Structure formats: structure tokens, C-alpha cells
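Student: I have a structure here that I have never looked at before. Could you walk me through it step by step?

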Amino acid sequence: MARVLKFWLVVVSLGVAAMGAAADREWLTVHLGSERIGYAWYETIQPRSLGSIEEAEVVLDTKALGDPIKLRAFSRVRYGGDRELMSGEYRTESGGRTSIVQIDLEGSTLVVKANTAGRPQQMRLEIDPDLPFTSDAVNYLIALKERPSRLKVQTFDSTTLTMVQVEVIDRGAVTLEDGGRTVPAHRYDVEDPRSPTQVFVTPEGKFLLARGPLGMTMRPATEEEATRPVSGGPSDIADLSTITPNRPLQGRPDQPLTLRFVGLDRDLPSDKHQTATREGRDVVLTIHPLRPTGKQPLSEVKGQDEWRGPGPFLPAENADIKLRARLCNGRLTDIHEAAQSLRMDVFRRMRVNAGIGVLRPADEILDSPEGVCRDHAILLATMLRAVGLASRLVSGMVEYQGRYYYHAWVEYWDGKDWIAMDSTRAESHLTSRYIKIAHGTVADAYQSFLLAPERLEVVKEGS
């Protein structure tokens, strides 16, 4: 559930970037609802050589699931004389963990070197030659001599270590109403798959306000105002990101459930767990979780080879992970029993710590078994792959005490179907209280999972 913090980090970055090419350091306060939860600053450095260096830092101090969560993220991106990317450095600290990422451009390839808590990862990413690269989409558009009404750019996501395409839409002159004031402004909508954001600037291009999901805002401030200690109010990012249906669920969790997302601007997946149908602006979702029946020998499971073996954040070849996974499975020959054995090992081993805002690879999670649902899922998916099974990550929501919270779990391939399981709970199978939003790699599952319907209605409980 603490994955939602990453969205706010993205939102803050967008707000910081919109402050323009500042000669001196500019400051922002970051607010969640009516509470200030942190600050950010941005600065553009003009070195003696051609080009520019853009530096920014975000510091957040809030809580998730009742646990305090502190996060500090610094970035430095260097551009050449024609605004072409040269290199970048990113450093994120949270919950006693540090993630350091270095990127360098080699031709049309981005060389990425990452290290989280001493666990190195390295990869090469292809850059789209037809899209400009920038860490500040709004400012890039403002700086153009001839501004299009829509501009698509690409940027680097230092959390999932992937490239992301972002579109900026120029909405033109508007009247901004905020905090009792009414001022003329220019609005830009940033269609970022990680976090859609509205940015407002003055007619001259000076930053006024940024609005992100779930009531998060950023405002200009002095350094003294920005760095003043936060008050530590009651806001909890896990609670504020929930969705409450129009009436309480009363049916049995093992029976089908039909929901209507009114005014949902994204589609949901259909598979054996759920069926999603678009009806105009709404999405109707019927959840009917798949439960395996019968035995399925491990030796007979074939297919889905792309989901086997190591991947980013899933070091399935790690010797310690392979050993633990094999010891858990012992002499089990049925795939469902083997998968459940690994699930229960993760369930028993992991401790809850919602204060870690850094995305961690599975070997670090194994050595320091604490975290939230995302950490459970990454470790379990890696252990499944370590014994040769196909697995993928899932993001979604789960109902708890009348509200739907963002959540993460895992699916494994049994030769016929993808079977879901949740290592944060003792129950072996998912119920109809789980809503699936996305699945796949770390980037597929965790980069774009936020839902923002106008309301959620309970249509039918039971068959």
C-alpha cells in the first residue's frame, strides 16, 4: 500500500520542474490535503562548458498504515548545448535504505547502473529517437519558440529503472482559484502514466501551483517556510488513497461480486480472476476468482517462458534465493503445493514496515525481510522463478473494513492458467474482494496503477 508514495514523488518532481530555468534555488512546500508533508527545491546550473545541469531534491515526512515514512530524493541531470541528455544521477533514501542510480547516454542507448542497499543492477534501455528527452516536460514545452498544443516527451523513471512517455497538454489561459485567491494563470495538464498532474503558471511562466492525485498540491515558498519542520498531522497516505463503495459489502467473499466504476478513464484487465466491460464512461467489473483443482505435476508445466528466470528487481539466479526456495519445496511435485509452500515461507518470514519508500530487489528483501505488500510480491515472484516457475507481479486493490486499499500480489502459471496468491495473508486463495489493475514486470505492475473513478457502486453480490 505504501507504493502510493511513489506517485507523490513523481507529482512533486513535475511541480518542481515547472518552476522554470531558475538561476537561484527555488523552493516549494508539499501538501497532502490541508497538511504540509514536506518540501522540494530546484536549481539550474550553467557550467563553464556548454549545456546545463538541473538539480532537484524532494523531502517528504508523513506516514503510511500508521508507520512514519520519511523520504529524501535527489536528482542531477546534465544536458548538452542543444538540450540533449548526457548523464544523470539519482539518490533516494527511505527507511534506512539508499538507492543510487547513474544513467549515461551512449548513442541511442541509455546505460543504467543502479545500487540499492549494496545490491547492484545494470541494464541498457533504448531511447526513442523521435521523442525529446527531458526531466521537466512542462518547462521543456514553455521554452519552445513555437509551442504545440500537445507535446510528447520521454523521461527516465529512477524507481522502476525504465523509460516513460509523458504528454503535456496546453490548456491555455484560465482563472485559478486556490485558497481563497483568484488569479490569472496558464494551465498545463501532464498526462504521466505514473501520476496525472495539473500545473499552473503565471502568464509570464512563473510557477503558481501543481495539483496531483488524492489532494496533493505544491506551492512556491521561501526556504524558511519550506524547511520548517512538519506538524505531523493525522493524514495517512494509505487511508487517503482508498476508494469507498456506495454501500457496505455484505455477501460472502468466496462468491462473485459485480462492481461499477463510474467515470473511470482507464480500462481494467479481463482474465480468469475477473471480467471487465466498458459501458460508456463506466467500467463494470465482475470478480470470480480462479481456484485450482486437482494435481498438476511440476514436470508437466510448460509455456510462458518470458516470465521465467531473472529480471529487474527479480534476481532469480541468486544463490541464497535459489537455496531457500528449493529447501521450501523439498520433494513436492505438485505445482500448486510447491507455490503455496513458497507463499507461506514469505508470509511467515516477512515483517510489516510501511516506512520503506525505496523499491528494493529481492535479494535485499531476503536479507532484510520487512516491508509492505510490494516487497512481499517481489520476493515471492523471485522465489517462484528460482525453482523454474513462471511468475508475474500484480497490482490492484483489496477490500478491508469497507474500503478498498491499493495492494500487490503474485500470479504463477500452472500450465493452463495464471493462479493468484497473496503472501501478506494466511489464506491460500484470493477472494472476490480483490480487484486486479495491472500485471507483469515491476514496471508493468507498479508504474501505473492509480484509479480515480467518480464513485464505486456495488451492483451485485453472489451469482
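Tutor: Gladly, and please keep in mind that this is a predicted model.

Student: Which residue of β17 stands opposite L259?

Tutor: L259 has L285 of β17 opposite it.

Student: And how many bridges join β16 to β17?

Tutor: There are six bridges joining β16 to β17, and these two strands run antiparallel. One of the residues involved is R278, whose bridge partner in β17 is V283. The two strands form a hairpin with two residues between them, and in that hairpin G280 takes a positive phi near 65 degrees.

Student: What order do the strands of that sheet have?

Tutor: The order is β16-β17-β15-β24, which makes an open sheet of four strands with antiparallel pairing. At the edges stand β16 (274-279) and β24 (455-461), and each has a single partner strand, so one side of each is left without a neighbour in the sheet. From one strand to the next, the twist averages 20 degrees.

Student: What about β17, is it largely enclosed or open?

Tutor: Five of the six residues of β17 are buried, so β17 is largely enclosed by the rest of the structure.

Student: Let's change topic to helices. At what angle do α6 and α8 cross?

Tutor: Helix α6 (residues 335-349) and helix α8 (residues 373-386) have axes that cross at roughly 145 degrees and come within 10 Å, and α6 passes α8 in a right-handed crossing. On the α6 side the contact is made by A339, L342, R343, D345 and V346, while α8 contributes H376, L379, L380, M383 and L384. Sorted by class, this contact of α6 with α8 has seven nonpolar, one polar and two charged residues.

Student: Which residues of α5 meet α6?

Tutor: R324, A325, C328 and N329 in α5 meet A338, S341, L342, D345 and R349 in α6. By class, the contact of α5 with α6 has four nonpolar, two polar and three charged residues. The axes of helix α5 (residues 319-329) and α6 come within 9 Å and cross at roughly 115 degrees, and this crossing of α5 and α6 is right-handed.

Student: Back to α8, which strands does it lie across?

Tutor: Helix α8 lies across β20 (391-400), β21 and β22, and runs at about 5 degrees to β21. Those strands belong to another open sheet of four, with the order β22-β21-β20-β23 and antiparallel pairing. Its edge strands are β22 (418-421) and β23 (434-440), each of which pairs on one side only. Neighbouring strands of this sheet are turned by 30 degrees against each other on average, with direction ignored.

Student: How many bridges join β21 to β22?

Tutor: Strand β21 (residues 403-413) is joined to β22 by four bridges, and the two run antiparallel; V410, for example, has M421 of β22 as its bridge partner.

Student: Last topic: which residues touch the most other members in the largest nonpolar core?

Tutor: They are V112, F156, L384, L393 and Y446, in a core of 53 residues. The largest share of this core, nine residues, comes from α8. Leaving aside its neighbours within four places in sequence, L393 has contacts including A377, I378, A381, W409, V410 and Y446. Apart from this core lies another, of 30 residues, among them I37, V58, V164 and I237.

How values were computed:
Residues numbered from 1 in each chain as written. Predicted model: local features only at pLDDT ≥ 70, side-chain atom pairs only at ≥ 80, totals over all residues. Heavy atoms only, no water. Axes fitted to C-alpha atoms, helices over the stretch in contact; angles between N-to-C directions. Left-handed = near helix turned anticlockwise from the far one by under 90°. Contact = heavy atoms within 4.5 Å. Nonpolar A, V, L, I, M, F, W, Y, C, P; charged D, E, K, R; others polar. Pairing = 2+ DSSP bridges. Core = buried A, V, L, I, M, F, W, Y, C linked by side-chain atoms within 4.5 Å. Buried < 20%, exposed > 50% of the residue type's maximum accessible area, 1.4 Å probe, protein only.
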